[in-house]
Amino acid sequence: MPTPALHDLPPRPAPNGCEGRAAGPAASAARTSRRARATCAGLAAFALALLAACAQLPAPAPTPLPVEPGWGQPVGGHAGLRYERDDRQPGEVLHWLRLDLRDPTLRLTLSPPGERGRTLDRFDGAGAALAALNASFFSKTFEPRGWTVSQGEAWAPVMTPDDSPLIACDAASTCALQLRPPYAVSGSTWLAVAGTPWLIRDGQVRGDADDARCERFCAMPHPRTAIGLDHTGRYLTLVLAEGRRGPVAGLSLHRLAALMAARGVTQAFNLDGGGSTSLLIQGRAVMERPFNEPVPRPLANALMIRLAEEPAR
């Protein structure tokens, strides 16, 4: 960019007689004229140097795109799925996902029974999915707790289905949480996954007294995974908490429920946690492992959020 000429600048009065002074005795006028010319020449050089420096300044950085408060950035550019890593509270590291179930471009799926016993990154499609995470509690032979359905295929056998809260979705991605028995799935259920215990029921947040009934599992801090819906049933929230690594111990269930309620979740329950807690975002592991279990754990199944045009497996 060419440097503007000095005469292009807006005119302003120049100090020390740059614009001349009233006539006086000849000697005095000559001295004044010499001083004025020197001063004006110095000012002109300074102005040119300043203009040259301004011309070389870098352009201002573009304004970043606005981010919806509390929900981070769209995953892979898809506004219907947002991810946020939250470590604002000392000793807490959480990973939040919010899925718009009405977004026709996105699909919630559960891995099929034939893939049980794999680590999260080994499930078919996990690396290509927008997000993948652990799901059901399970036995040593990878039998899931509670009613479980993958793409319309019911799992068998299952453990303790009569006391395991669950989420059930139809093929149109209309989902509902069952947080009081009896728990059941129907022939139209396309996806179902269960856990224990409940965290939020009809807006009521689990309290310390509820955790006291299962102190070691509920009241003590652990890595956690949980799932919930808002009051409209449109937004599905998934949250994973890191833990068992020094000052980052994990969360109690009461604390987990309170944090979900603060984000508008009105129905929620706990999924498998501890060493099972793991999350991939676009194929990349984003969580730190517990110190006592640095190697990823084999799982019964995995929840995935993928593009709707991708074939479900």
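Student: In β18, which residue is the bridge partner of Leu108?

Tutor: Ile305. Strands here are DSSP E runs of at least two residues, and helices are H or I runs of at least four, numbered from the N terminus. One caution: this is a predicted model, where local features need pLDDT of at least 70, side-chain atom pairs count only at pLDDT 80 or more, and totals for chains, interfaces and linings use all residues. Residues are numbered from 1 along each chain as its sequence is written, and side-chain values use heavy atoms, with hydrogens and water left out.

Student: How many bridges join β4 to β18?

Tutor: 5, and the two strands run antiparallel. Strands count as paired if DSSP finds at least two bridges between them.

Student: What is the strand order in that open sheet?

Tutor: β4-β18-β5-β16-β17, 5 strands with antiparallel pairing. The edge strands are β4 (106–110) and β17 (284–285), each pairing on one side only.

Student: Is β4 mostly covered or mostly open?

Tutor: Mostly covered: 5 of its 5 residues are buried. Buried means under 20% relative accessible area, exposed means over 50%, and partly exposed lies in between (1.4 Å probe, protein chains only). Leu106, Leu108 and Leu110 sit on one side of β4, Arg107 and Thr109 on the other. Both faces are covered.

Student: Switching to helices. Which residues of α4 are buried?

Tutor: Leu253, Leu256, Ala257, Leu259 and Met260, in a helix that spans residues 253–262. Seen down the axis of α4, they fall within an arc of 165°, so they line one face of the helix. That arc is taken from the directions from the helix axis to the C-beta atoms.

Student: What happens just after α4?

Tutor: Gly264 takes a positive phi of about 90°.

Student: Which residue does Glu92 form a salt bridge with?

Tutor: Arg255, with the closest N and O atoms 2.8 Å apart. A salt bridge needs a side-chain nitrogen of Lys or Arg within 4 Å of a carboxyl oxygen of Asp or Glu. This pair links distant parts of the chain: Glu92 is in the loop between β2 (78–86) and β3 (94–100), Arg255 is in helix α4, and they are 163 residues apart.

Student: Does Glu92 count as buried or exposed?

Tutor: Buried, at 14% relative accessibility. Arg255 is partly exposed, at 29%.

Student: How many salt bridges does the structure hold?

Tutor: 16. Among them, Arg118 meets Glu115 at 3.9 Å, N to O, and Asp124 at 3.0 Å. Glu115 is buried at 6% relative accessibility. There is also a network linking Glu84, Asp86, Arg88 and Arg263.

Student: How many disulfides turn up?

Tutor: 2, from a search of the whole structure. A disulfide is a pair of cysteine sulfur atoms within 2.5 Å. Cys169 and Cys175 have their sulfur atoms 2.0 Å apart, and their link is right-handed, with 110° about the S-S bond. Both of these cysteines are buried.

Student: What about the link of Cys214 and Cys218, left-handed or right-handed?

Tutor: Left-handed, with -100° about the S-S bond. The sulfur atoms of Cys214 and Cys218 are 1.8 Å apart. Cys214 is partly exposed at 25% relative accessibility, whereas Cys218 is buried at 1%.
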